[in-house]
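Have the structure open and follow along.

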Amino acid sequence: MNIFVLVLILFTTNLSLSKAKTINYQETFKLKTYEEAKGQSSNYLGFIVKSKKIGFITSDIDGLVKKYSIESNINIDEKIIKNINVKFKITSMDTDNESRNEKLHDFCLDYKKNSNIIVKSKNICVYKDGSCVIDGEILIRKEWFPIRIKLKVNDAKGNEHLVVVGEAETGLKKLKIPDPSIFVAKLLDKIRIKFKVSLSMPN
């Protein structure tokens, strides 16, 4: 093998490795009020539960997280997301009702002893077809619980932008969260989690 061929192989190998660069992405999303968080279309992290009043009237309770941080390793060329870690303080969870927030933070999640909720992935998301399923864990009241998250990933704007939309379902009993129901209003067990983040990739 002559020197020219050797140099050419090394060059193309290094080029392919540079294209497959993995980015350690970190960002904190912060909003001041519930109204501002609810009005966000590009970035949000929320949860929905149902309340049944007087035995038959059912209504949704929409909760939002006003400040949360995301960290992950992203390789856009290989369409891989891994080591996802989402973290937020319990007190940043807002249901647009002060007394309800107080019961959520204190009675349900015991924020004085457990200040943060953390969600982390256990497997790799390969989104070659635009979607994937993440098997992860969520930390609630100092205990880890399994959670499965469905992701849709859009990189149509190229390697500078990534939009990730996700959803998951769990429950009060699965997470060992105390039931805050009162006589006139029963909180149903199912918890829906939804989020959307618009990620700008560094050059």
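Phe29 and Tyr68 are both buried. This is a predicted model, and its count of aromatic pairs comes to one. Phe29 and Tyr68 make up that pair, and their rings are stacked, with 5.2 Å centre to centre and 25° between the planes. The planes count as stacked because the cut-off is under 30 degrees. Phe29 sits in strand 1 (residues 23–30) and Tyr68 in strand 4 (residues 67–75), so the pair links parts that are 39 residues apart in sequence.

The largest nonpolar core has 47 residues, and Leu199 is among the members that touch the most others, together with Ile81, Leu109, Leu151 and Val164. In soluble globular proteins, nonpolar side chains tend to be buried together.

Now for the second largest pocket, with a volume of about 280 Å³. Of its 16 lining residues, Lys150, Gly166, Glu167, Ala168 and Ile193 are the closest to the centre. Which strand gives the largest share of the lining? Strand 11 does, with five residues. These strands each supply at least two residues of that lining:

| Strand | Residues |
|---|---|
| Strand 9 | 131–140 |
| Strand 10 | 143–154 |
| Strand 11 | 161–171 |
| Strand 13 | 190–200 |

By type, the lining divides into seven nonpolar, two polar and seven charged residues.

Notes: Residues numbered from 1 in each chain as written. Predicted model: local features only at pLDDT ≥ 70, side-chain atom pairs only at ≥ 80, totals over all residues. Heavy atoms only, no water. Core = buried A, V, L, I, M, F, W, Y, C linked by side-chain atoms within 4.5 Å. Buried < 20%, exposed > 50% of the residue type's maximum accessible area, 1.4 Å probe, protein only. 1 Å grid on protein atoms, 1.4 Å probe; cavity = no way out; pocket = protein on both sides within 12 Å on 5 of 7 lines; lining within 4 Å. Points joined across faces, edges and corners; volume = space filled by probe spheres on them. Helix = DSSP H or I, 4+ residues; strand = E, 2+ residues; numbered from the N terminus. Nonpolar A, V, L, I, M, F, W, Y, C, P; charged D, E, K, R; others polar. Phe/Tyr/Trp six-rings, centres within 6.5 Å; stacked < 30°, edge-to-face > 60°.
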